[in-house]
Amino acid sequence: MSDAAFFLPVFLVAVLILFMFALLRALRIVNQYEKGIVMRLGKFHGLAPSGLTVILPFTDTLLRVDMREQVISVPPQKLITKDNVTVEVDAVVYYKVVDPVKSQFEVQDFGYACTTLAQTNLRNLIGDRTLDETLVASSST
């Protein structure tokens, strides 16, 4: 048996294994409630819709962004009303990602940013009202 007859099947099996590995790295599934962000060599390349997505096996990565409505509990905080009364207020924030690219690349921690923004808005809202106005507004919602 010659060397070529021995190495040809080994070579073909190695090429087949490499091809299967590349195919497995290229196929990605994006769930219906997600959007996929394709990154090529660390840079934004495009959006991948739901379903089976094919990417370049060794240069692309896929980031999944949940597009469903999310709920964040804002921890209780002490606030001062317009008439200098201290009240303790907690809140719940509902948010939904509209632009997956901005939520991933323009904010470091999107959930923390939403919570902090809600706390700031709550402080501004309570600080502009008296205690009576705050209690009337909170009982009507």
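Predicted model: local features only at pLDDT ≥ 70, side-chain atom pairs only at ≥ 80, totals over all residues.

Modeller: Residues are numbered from 1 along each chain as its sequence is written, and side-chain values use heavy atoms, without hydrogens and water.

Colleague: Which residues form the largest nonpolar core?

Modeller: In soluble globular proteins, nonpolar side chains tend to be buried together. A nonpolar core is a set of buried Ala, Val, Leu, Ile, Met, Phe, Trp, Tyr and Cys residues joined through side-chain atoms within 4.5 Å; buried means under 20% relative accessible area, exposed over 50%, and partly exposed in between (1.4 Å probe, protein chains only). Here the largest core has eleven residues: Ile 37, Met 39, Val 65, Met 67, Ile 72, Val 74, Val 93, Tyr 95, Val 97, Cys 114 and Ala 118.

Colleague: What does Val 65 contact, apart from neighbours within four places in sequence?

Modeller: Contact means heavy atoms within 4.5 Å. The partners of Val 65 include Tyr 33, Glu 34, Ile 37 and Val 97.

Colleague: Is Glu 34 buried or exposed?

Modeller: Glu 34 counts as buried because its relative accessibility is 11%. Glu 34 lies in strand S2, where strands (E, at least two residues) and helices (H or I, at least four) are DSSP runs numbered from the N terminus. Beyond its sequence neighbours within four places, Glu 34 touches Ser 50, Arg 64, Val 65, Asp 66 and Met 67.

Colleague: And is Ile 29 buried or exposed?

Modeller: Ile 29, in strand S1, is exposed because its relative accessible area is 55%.
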